[in-house]
Amino acid sequence: MATQRSIIHIDMDAFYASVEQRDNPKLKDKPVVVGGSAQKRGVVSAASYMARRFGVHSAMPMSKALRLCPDAVVLPVDMNKYSRVSKQIREIFARYTPEIEPISLDEAFLDVTGSVNLFGSAEKIGRQIKADIKQATLLTASVGIAPNKFLAKLASDLEKPDGFVVVTEQNKKQILDSLGVGKLWGVGKVTQRKLEKFGIRTIKQLRQTDRSHLVQLLGESAAQTLAELARGVDERAVEPHRPAKSVSGEYTFGEDIDDVDVLLKTLRQQVEEVAVRLRKDDLKAATVSIKLRYANFKTLTRSKTLPQPTNTTSILCEAALAAFEKWKAEAFGALRLIGFEASGLTKKVPRQLMLFEQTPDRNQSKLDEAIDNIRRRFGKDSLRRDL
């Protein structure tokens, strides 16, 4: 008989805002919002629970957040500080298991199935990790414990902030039955509206819906996945060394921009920043995409698959510009944001060159390497190229 898995999901409570409140006790009882400036059309990265009472949430335009909560204390994102705290928390995780799958700086799955003989039950481990985090960082974490990732993630969210919920095979049906379908992974607003239109509002109702009806509504794959989740079934393993799926960068303008030269200059800068990160991690991309957001927040993407994976700046830029020209011909308009993403990542595999071989790609790679070395030594603004 297979051993039942013990999965813990740790989610730090309002992480960025909580770190700022910890470091400045005067902010403890104030509505703190971390993110970009409203004047520069920034967005909310994190909001304290007091700010959330006013309806403020992450990814909301900062201007809207301030309309909802005029007394909010707005602070800039300090990623270096949050990364240092995140590293402290990861070191605590590693005391109890090597099976750690980070989701973000403030969230991770831990598989402690192999640790219970050493440290006690999963519940005991979860409580100890929660206490260790509090002692080391003065921050609170919400903890969910369950036989699989879906239920563990669900559990950590049920009693936030400072929550601790254990879902078992015995109580999972009772817990799931009381929740709306929006709590299922893969059910966004569009899918939720589609389900609710046909009277499927709760997880219990979805589980009781005839499979053929679900397939008709959602398609074969989505129907199967949601039916399994509604029963609390999730076979995915914790992936300790999950590879990056994409590398991206984006820029939000202070005002809507319809100047093609400005848009192209910004896009080229995004491409170069992404290319540097790819080379730093020895990655190559098979697909490039550009992200284009209009003033009304409608967002488009345009993608292009490359003949072969690359991290060469000039090739990535050429593909991005081709995607941009396609968009310009089809749906040009003033933008508030433009971004670039490289996906379909693979590890760079060295190949043996023929004697005296000098291909254009090889020459460009050598140029990239030289420029990267100069910037590492003298700073990223020490040398700029005309792409």
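Modeller: Here is a close look at the salt bridges, pair by pair. Keep in mind that this is a predicted model. Side chains of opposite charge can pair when their charged atoms come close. The structure holds 20 salt bridges.

Start with lysine 160 and aspartate 11. Their closest N and O atoms are 3.9 Å apart. Lysine 160 is partly exposed, at 23% relative accessibility. Aspartate 11 counts as buried, at 12%.

Next comes arginine 236, which pairs with aspartate 234. Here the closest N and O atoms are 2.8 Å apart. Arginine 236 has a relative accessible area of 37%, so it counts as partly exposed. Aspartate 234 is buried, with a value of 8%.

Now take glutamate 330 and arginine 302. The closest N and O atoms of this salt bridge lie 3.4 Å apart. Glutamate 330 is in helix H14 (residues 313-331) and arginine 302 is in strand E11 (residues 299-310), so the pair links parts 28 residues apart in sequence. Glutamate 330 is partly exposed, at 49% relative accessibility. Arginine 302 is buried, with a relative accessible area of 19%; the cut-off for buried is under 20%.

Finish with a group. Glu20, Arg22, Asp23 and Lys81 are joined in a network of salt bridges.

Technical notes. Residues numbered from 1 in each chain as written. Predicted model: local features only at pLDDT ≥ 70, side-chain atom pairs only at ≥ 80, totals over all residues. Heavy atoms only, no water. Salt bridge = Lys/Arg side-chain N within 4 Å of Asp/Glu carboxyl O. Buried < 20%, exposed > 50% of the residue type's maximum accessible area, 1.4 Å probe, protein only. Helix = DSSP H or I, 4+ residues; strand = E, 2+ residues; numbered from the N terminus.
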